[in-house]
Amino acid sequence: MEYTKGSEWRIWDLHFHTQSSYDYKDKSVTNQQIVDKLIENNVSAVAITDHHHIDFARIKELNTIANNMIHFFRGIETTTNLGGKETVHIIAIFPDNVEEDIINRKFLYPLSLDEEAYEKKDLTSLQETYVDYNNFIKAAKECNALISVHAGHKSNSIENICNHFASKQKQKQDMLLDIDILETGNQKDLENYDKIVFPNINMRLPIIIGSDNHNVNSYNNPPTWIKADVTFEGLKQIKYEPQSRVNIKDFNPALSKTNTCLECLSISGTKMFNESKIEFNKGLVSIIGEKGSGKTAL
């Protein structure tokens, strides 16, 4: 996939299940149907986060079918040993350049989430599966994965760790130091984290809303827009610029700005530049470069 305009706002779904999740609603759904539905909803990037399992073959096939129209990242969702009346769910999303063998050796096998262990489990065993939170964090970081946790009013959220004791509040604050992305199901949670949580931990994390879809026939794309190239490196940028690169809206954030802009520049008949066409990002406000690089001439 080539990006000629720089980072653009696109819809990302960082929590999506396939037929490989034990609780998927309709196992007759095909990979082609998944791709078609996501394209229909203008989704550009998807993290496959099946429960306790990474179906490498399925994710490869989804990327082949999508043919660069969507990029599917390898991810996993599992239950941790944390929580109160509800458990806390956590997700890891892996870089494309980390080999399958490394993910197996450094992440899946140590946590007993490998293919062999998965195939031995019946439905009851899968429902009972959980991992130690600290072991999950350590293994995910060994693979340079991004880590997402449920937050706010979303089910299986870190808010299920009670606030009655100062030690529990401190535990949650310490957890956020290991986390890269917060996933909520409620737009109102954004305000609460901005006003209360982030000032307390003296840092800000990107907050997204994922579809958590378990049946593509009833898919509604999440209102999460990310300004980045559709690559793992692009996704990583939201850690460093959570406010300027993530936007929760029902429409493209670029449309909220002026519609008057330069779309492209065609150059010909000059000795200074080769004949070319330069496409501009809609959010472009300046051109920078070293002295003598041709800024003024452009």
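Which helix is the place of M175? Keep that in mind as you read these notes on a predicted model.

1. **M175.** This methionine sits in helix α7, which covers residues 166–176. M175 counts as buried because its relative accessible area is 4%, and the cut-off for buried is under 20%.

2. **The chain as a whole.** Now step back and look at the whole protein chain, which has 10 helices and 11 strands. Of its 298 residues, 45% are buried. The accessible surface is about 16000 Å², and carbon and sulfur atoms contribute 46% of that.

3. **S21 in its loop.** You will find S21 in the loop between β1 (9–16) and α1 (31–40). Is this serine buried or exposed? S21 is buried, with a relative accessible area of 0%. Its side chain makes a polar contact with the side chain of H17, at 2.8 Å. Beyond its neighbours within four places in sequence, S21 also touches K27, D50 and H51.

4. The model has four aromatic pairs. One of them joins W12 and F73, which are stacked with 6.0 Å from centre to centre and 15 degrees between the planes. W12 belongs to strand β1 and F73 to strand β3 (residues 71–83), so this pair ties together parts that lie 61 residues apart in sequence. Both W12 and F73 are buried.

5. **An edge-to-face pair.** F16 and Y219 form an edge-to-face pair, with centres 5.8 Å apart and 70 degrees between the planes. F16 is in strand β1, while Y219 is in the loop between β7 (207–208) and β8 (224–227), so the pair connects parts 203 residues apart in sequence. F16 is buried at 0% relative accessible area, and Y219 is buried at 5%.

6. **A ring cluster.** Have a look at F94, F107 and F136 too: ring pairs link these three into a cluster.

7. **A patch on the surface.** Finally, turn to the outside of the model. I278, L284, I287 and L298 make up a nonpolar surface patch, and together they have about 300 Å² of accessible area. One of these, L298, lies in the segment after β11 (276–279). L298 is partly exposed, with a relative accessible area of 36%.

Conventions:
Residues are numbered from 1 along each chain as its sequence is written. This is a predicted model: local features need pLDDT of at least 70, side-chain atom pairs count only at pLDDT 80 or more; totals for chains, interfaces and linings use all residues. Side-chain values use heavy atoms; hydrogens and water are left out. Helices (H or I, at least four residues) and strands (E, at least two) are DSSP runs, numbered from the N terminus. Buried means under 20% relative accessible area, exposed over 50%, partly exposed in between (1.4 Å probe, protein chains only). Accessible areas come from the Shrake-Rupley method with a 1.4 Å probe; for residues, only the protein chains shown count as cover. A polar contact is a pair of N or O atoms within 3.5 Å; within protein, one must be able to donate a hydrogen and the other to accept it, and residues adjacent in sequence count only if both atoms are side-chain atoms. Contact means heavy atoms within 4.5 Å. Patches are made of residues with over 30% relative accessible area and no salt bridge: like charges are joined within 9 Å, nonpolar side chains (Val, Leu, Ile, Met, Phe, Trp, Tyr) within 5 Å. A salt bridge is a side-chain nitrogen of Lys or Arg within 4 Å of a carboxyl oxygen of Asp or Glu. Rings of Phe, Tyr and Trp (its six-membered ring) pair if their centres lie within 6.5 Å; planes under 30 degrees apart count as stacked, over 60 as edge-to-face and the rest as tilted.
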